[in-house]
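My notes follow, in the order I looked things up.

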Amino acid sequence: MPSPKPGTTPYPGLCADCIHAKLVKSDRASVFLQCQLAFTDSRFAKYPRLPVRTCSGYKKRDEGKG
Ligand code: SF4
């Protein structure tokens, strides 16, 4: 199995297809996964530790529309 490239996030688990997940780039070109739910709900970490295996805020992204 290939190791993750520098500057990419590890496999994010549930966040991979969660509507609340957003990828943000730092000024060092690293990519972080930001949980948008953390801005309105303090139970969630702004930068969750990946991979997220269980999450009460998880909501699957609807990829069939849009
Ligand atoms: S709500 Fe949970 S699964 Fe969704 S982005 Fe936040 S931490 Fe990840």
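I began at the hairpin of β1 and β2, which has five residues between the strands. There, Ala29 takes a positive phi near 70°. For the record, buried means 20 or more other C-beta atoms within 10 Å of a residue's own, exposed means 12 or fewer, and partly exposed lies in between, with C-beta atoms placed from the backbone.

Two notes on the source. This is a predicted model, where local features need pLDDT of at least 70, side-chain atom pairs count only at pLDDT 80 or more, and totals for chains, interfaces and linings use all residues. Residues are numbered from 1 along each chain as its sequence is written.

Next I looked up the strands. The protein chain has zero helices and two strands. These are DSSP runs numbered from the N terminus: helices are H or I with at least four residues, strands are E with at least two. Strand β1 (residues 21-25) and strand β2 (residues 31-35) run antiparallel, joined by five bridges. Strands pair if DSSP finds at least two bridges between them. Val24 stands opposite Phe32 in β2.

Then I turned to Ala21. Ala21 sits in strand β1. Is Ala21 buried or exposed? It is buried, with 20 other C-beta atoms within 10 Å. Not counting residues up to four places away in sequence, Ala21 touches Pro12, Cys15, Leu33 and Cys35. Contact here means C-beta atoms, placed from the backbone, within 7 Å. I also noted Lys59, which is 38 residues from Ala21 in sequence and 9.6 Å away in space, C-alpha to C-alpha.

Ala21 belongs to the largest nonpolar core, which has seven residues, with Cys15, Cys18, Leu33, Cys35, Leu37 and Val52. Such a core is a set of buried Ala, Val, Leu, Ile, Met, Phe, Trp, Tyr and Cys residues joined through C-beta atoms within 7 Å. Of the 66 residues of the chain, 14% count as buried.

I moved on to the ligand. Which of the 13 residues around the ligand come nearest? They are Cys15, Cys18, Cys35, Cys55 and Gly57. A residue is near if its C-beta atom, placed from the backbone, lies within 6 Å.

Last, I checked the segment after β2, where Pro51 is found. The peptide bond from Leu50 to Pro51 is cis, with omega near -5°.

Definitions and conventions
Contact = placed C-beta atoms within 7 Å.
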